[in-house]
Amino acid sequence: MLVIENCRLTWPDFSADYTMNVKSGALCAVIGPSGGGKTTLLHMIAGFETPESGTLTFGGLDLLPLEPAKRPATIVFQDHNLFPHLTAAQNVALGIRPSLRMSNDEQALIEEMLEAVGLKGFGTRKPGEMSGGQRQRVALARALVSGRPLILLDEPFSSLDPGLRRDMVQLVGELRRKRPVTILMTIHTPEDVADLADQMVFVADGRVIASGKPSAILHGSLAPRIAAAVSDT
Ligand SMILES: Nc1ncnc2c1ncn2[C@@H]1O[C@H](COP(=O)(O)OP(=O)(O)OP(=O)(O)O)[C@@H](O)[C@H]1O
């Protein structure tokens, strides 16, 4: 279980105070208005922002004293952060072996992961030779290969066209059935994840306003606010 209790962050123009839980193995969609604090929440879990108070644990492990590299979490950014001079396979390999000196087993794992995201045979391509959707798949494969049990996806598919975006969301759903991972994913199109996510949280003004089953969140009393937030983004 990921447990976040009263984690406070304060800047001159924005303050946040997050409290929420996510069950281990769940896919949790994070929605809310632009500037409401979704990315900040993921950055705090990953360790790029440090709350001034509160508690943050995953599987009982206190994450707050740990630097990002030591946390059981990996984050995929919207711009997916691939190295342009490395091949797809090498970019994935960075998820396990930053030196890129890999054992045969590790190389086989990378091939397996590229295949799992639908990129069999693309391992030798560089990011510049791939489409936006393919680059997103490489970033996803790198996150999965890391073996870290908590995966944070920060609007990973928002630059993709609607069809491809839904395909990628489905892919996330399939991949998590193969690996026991907990996923938090910020998304501007909640309808894409309504059938797939186990949990949805609505974040606005730096607070988790509501958390529950996607159908309850999307069709409950917050529906007008969510519709306004989504049309605003
Ligand atoms: N390091 C920081 N210093 C000062 N303010 C910050 C910092 N990080 C985030 N903020 C502020 O926190 C607020 C929330 O930003 P955040 O990126 O979390 O929103 P968001 O919900 O992800 O928005 P969007 O959907 O547009 O990406 C913004 O007003 C932003 O300026």
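**View A. Strand 7, helix 5 and strand 8 form a right-handed β-α-β unit.** The model is predicted. Helix 5 spans residues 162–178. Strand 7 covers residues 150–154, and strand 8 covers residues 182–186. The two strands pair in the parallel sense, over five bridges. Leu-150 has Thr-182 of strand 8 as its bridge partner.

**View B. Strand 7 also pairs with strand 6.** Strand 6 takes in residues 73–76. Four bridges link it to strand 7, and the two run parallel. Thr-74 sits opposite Ile-151 of strand 7. How many of the five residues of strand 7 are buried? Five of five are, and the strand is mostly covered. Leu-150, Leu-152 and Asp-154 point one way. Ile-151 and Leu-153 point the other way. Both sets are buried.

**View C. Twelve residues surround the ligand.** The closest are Trp-11, Ser-34, Lys-38, Thr-39 and Thr-40. Which element gives the largest share of this shell? Helix 1, residues 38–46, supplies three residues. By type, the shell holds two nonpolar, eight polar and two charged residues. For the complex, the predictor gives an ipTM of 0.95 and a pTM of 0.91.

**View D. Helix 1 has several buried residues.** Lys-38, Thr-39, Leu-41, Leu-42, Met-44 and Ile-45 are buried. Lys-38 and Thr-39 are also among the residues closest to the ligand. Just after the helix comes Gly-47, with a positive phi of about 105 degrees.

**View E. Four strands make an open sheet in the order 2-1-4-5.** The pairing is antiparallel. Strand 2 (14–22) and strand 5 (61–62) stand at the edges; each has a single partner strand, so one side of each lacks a neighbour in the sheet. Strand 4, residues 53–58, is joined to strand 5 by two bridges. This pair runs antiparallel. Thr-57 stands opposite Asp-62 of strand 5.

**View F. Ala-88 lies in helix 2.** The helix spans residues 88–93. Is Ala-88 buried or exposed? The cut-off for a buried residue is 20 or more other C-beta atoms within 10 Å. Ala-88 has 26 such atoms, so it is buried. Beyond its neighbours within four places in sequence, Ala-88 contacts Leu-114, Leu-119, Phe-122, Gly-123, Arg-125, Met-130 and Val-138. Gln-134 is 46 residues away along the chain, yet the C-alpha atoms of Ala-88 and Gln-134 are separated by 9.4 Å.

**View G. Asn-6 has a positive phi, near 45 degrees, and is not a glycine.** Asn-6 belongs to strand 1, residues 2–11. Asn-6 counts as exposed because it has 12 C-beta neighbours inside 10 Å.

**View H. Asp-205 is another residue other than glycine with a positive phi, near 50 degrees.** Where is Asp-205 found? The residue is in the loop between strand 9 (199–204) and strand 10 (207–212). With 14 other C-beta atoms within 10 Å, Asp-205 is partly exposed.

**View I. Confidence across the protein.** The average pLDDT is 91. Of the residues, 99% score at least 70. Where pLDDT is low, predicted coordinates should not be read in detail.

Terms used
Residues numbered from 1 in each chain as written. Predicted model: local features only at pLDDT ≥ 70, side-chain atom pairs only at ≥ 80, totals over all residues. Near = placed C-beta within 6 Å. Nonpolar A, V, L, I, M, F, W, Y, C, P; charged D, E, K, R; others polar. Pairing = 2+ DSSP bridges. Right-handed = clockwise from strand over helix to strand, strands pointing away. pLDDT = per-residue confidence, 0-100. Contact = placed C-beta atoms within 7 Å.
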